Amino acid sequence: SKPRCILRLYHVLALVLCVSASDDFDWTKNEKSSFYYGTFPTGFSWGAGSSAYQTEGAWNIDGKGMSIWDAFARKKGKIFSNDTGDSSCEGYYKYKDDISLMKDMKLNHYRFSISWPRILPSGLKNEHINEKGIKYYDDLINMLLENKITPIVTLYHWDLPQLLQEKYGGWQNGSMVNHFNDFANLCFERFGNRVKYWITFNNPWSIAVEGYETGEHAPGLKLKGTGAYKAAHHIIKAHAKVWHTYDMQWRSKQKGLVGISLTADWGEPVDITNQRDIEAAERYIQFYMGWFATPIFNGDYPQVMKDYVGRKSGQQGLGASRLPVFSPQEKSYIKGTCDFLGLGHFTTRYVTMKNYPSGLGDSYFSDRDLAELVDPQWPDPGSEWLYSVPWGFRRLLNFVKTQYGNPMIYVTENGVSEKMQCTDLCDDWRMKYFKDYINEMLKALKDGVNVKGYTAWSLLDNFEWDEGFSERFGLYYVDFRSKNKPRYPKASVQFYKRIISSNGFPNQREVESWKRKAVETCSSSNQLLAADPLIGHMEMVTEIVVPTVCTLCILLSAVFLMFLLRGRL
């Protein structure tokens, strides 16, 4: 039978990997075990996440400067349907309502990001500090704390001040290290007495690869084979500098923690009897998460990246590797700059070896010499890249534990989207995704992985970067067509709320009743929402038709008067 074959393959894998495993990660232990009923440790923190550009709106309000995403979204054809985040969820105005949603869910923490150009419009601290921007984050932080919700704050969630892009070339330029440090220092100074969890960068892989290699994201540059490596090099240095700034100037007073959030898919060898596939899977992870984690934990890039990029650069006749080099001083400065590791995770790929000849032109993707595959049986409810493969999450968490010395981990993003024309608040696939992924995280805790908290992505449907508003990750549905951007709870709100109140999965009978109860509430909300577009439509009609009718009335009255007057004359 199929499962037995798989088990036999994993036994063969055990033998293969006794020889090859790096830092004793056991590739053999992929027992895709049944659902585990149990609870998380006391004090485990449950939350939800967002980011500034994706939710705040108010793009040019109260002195905010332009970000690279404000500029990028204005270029026709860059974003699906030419959407922009100009108003998005109007989170800038609706944060009080959103905090009451969090309070109702009994969230322990809320992860959000500070918009750099909202508090430093030009990006530079010595030019102008926007006090109105500071006040917005002050009010948000204070209200979270009043409601006993811990703020986890990201300093950079992709919205670089546009002026720094224009003036210096953004993350291609080493001067960003000091500018970012100035911005971070200001945040520590103004908010650090209340914020105890700081994340320097969110998903630097995406900033580097999609911003500077493929150009799918802002600033939209396509510097193939060099841009991503250069950007990443400066981001890693900027992260380290900010960690040291906090460590030297603020830690003793504020007693907070500074980490980074790395997003990583899991890579599983296609053929676990094939040494080359195993190496390709490891290469996939090292070029993804290891690119940033290995310097931060061990002081330098993964050896496999140095080998591959170096060799391919040589074949292309370049005098030096396209992967930049850290000096000995930089290595020791960067190593250990992580109080906790934020981990974003959504999906898994099967990986096999694939040779890319050097004549085809250099790129980050061809440097890896691998191909990514998916199993057609994996559920794929939303984003084309996001397949639900829960067992990959436990594998990734165990890999982090063995590779980086079992660091403290906060899961900073995990969730699933839907791509639907019509609204369905009964998101059974999301409930299943959360249930299965959170359960694999619980198994990882049993394996000894040091996970302290979990952040569902995302609290609200929001602006999904180059996909605009076409993909919805939210626990709450947002009606973007309505001026007021009302929020409606999806069934997953009730479901997640029950996971939080039970601190896990107490027993089968109870857990099975959660979905039933959650679906009951969403059915009535669905009817409500089905009627809502009519109301929205009527508002629109009122806005357009009433003034038009009034104008017509005035015109007709004028014409009628003229006729009357003519008759009299």
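Me: In which loop does S458 lie?
Reply: This is a predicted model, where local features need pLDDT of at least 70 and side-chain atom pairs count only at pLDDT 80 or more, while totals for chains, interfaces and linings use all residues. Residues are numbered from 1 along each chain as its sequence is written, and side-chain values use heavy atoms, with hydrogens and water left out. Helices (H or I, at least four residues) and strands (E, at least two) are DSSP runs numbered from the N terminus. On that numbering, S458 sits in the loop between β12 (451-456) and β13 (476-478).

Me: Is the peptide bond from W457 to S458 cis or trans?
Reply: Omega for the bond from W457 to S458 is near 5 degrees. That peptide bond is therefore described, as is the one from A218 to P219 with omega near 5 degrees, as cis.

Me: What percentage of contacts between residues at least 6 apart in sequence join residues at least 24 apart?
Reply: Contact here means heavy atoms within 4.5 Å. Among the contacts between residues at least 6 apart in sequence, the share that joins residues at least 24 apart is 76%.

Me: Which residues touch the most other members of the largest nonpolar core?
Reply: In soluble globular proteins, nonpolar side chains tend to be buried together. A nonpolar core is a set of buried Ala, Val, Leu, Ile, Met, Phe, Trp, Tyr and Cys residues joined through side-chain atoms within 4.5 Å. The largest one here has 158 residues, and those that touch the most other members are W171, W198, M289, W291 and M441.

Me: Which residues line the largest pocket closest to its centre?
Reply: On a 1 Å grid over the protein atoms alone, a pocket is an open set of points with protein on both sides within 12 Å along at least five of seven lines, a cavity is a set where a 1.4 Å probe fits but cannot get out, and lining residues have an atom within 4 Å of a point. Grid points are joined across faces, edges and corners, and a volume is the space filled by probe spheres set on the points. The largest pocket holds about 760 Å³ of space. Of its 31 lining residues, the closest to its centre are W205, S206, E210, H217 and W385.

Me: Which helix gives the most to the lining of the largest pocket?
Reply: Both α9 (204-212) and α11 (275-298) supply at least two residues. The most, 4 residues, comes from α9.

Me: How many cavities of 30 Å³ or more does the structure hold, and which element supplies the largest share of the lining of the largest cavity?
Reply: The structure holds 3 such cavities, and about 150 Å³ of space lies in the largest. That cavity is lined by 17 residues, with S50, T55, G91, Y110 and Y136 nearest its centre. The largest share of the lining, 5 residues, comes from α4.

Me: Is Y404 buried or exposed?
Reply: Y404 is in the loop between α15 (391-403) and β11 (409-414). Leaving out residues up to four places away in sequence, Y404 touches Q286, M289, G290, A293, T294 and F297. Its relative accessible area is 7%, so Y404 counts as buried.

Me: How far apart in space are D362 and Q316, C-alpha to C-alpha?
Reply: D362 is in the loop between β9 (348-353) and α14 (364-367), and at 24% relative accessibility D362 counts as partly exposed. D362 and Q316 are 46 residues apart in sequence. In space, C-alpha to C-alpha, the distance is 8.1 Å.

Me: What is the relative accessible area of N503?
Reply: N503 has a positive phi of about 55 degrees although it is not a glycine. Its place is the loop between α17 (491-502) and β15 (504-505). N503 counts as buried because its relative accessible area is 17%.

Key: Buried < 20%, exposed > 50% of the residue type's maximum accessible area, 1.4 Å probe, protein only.
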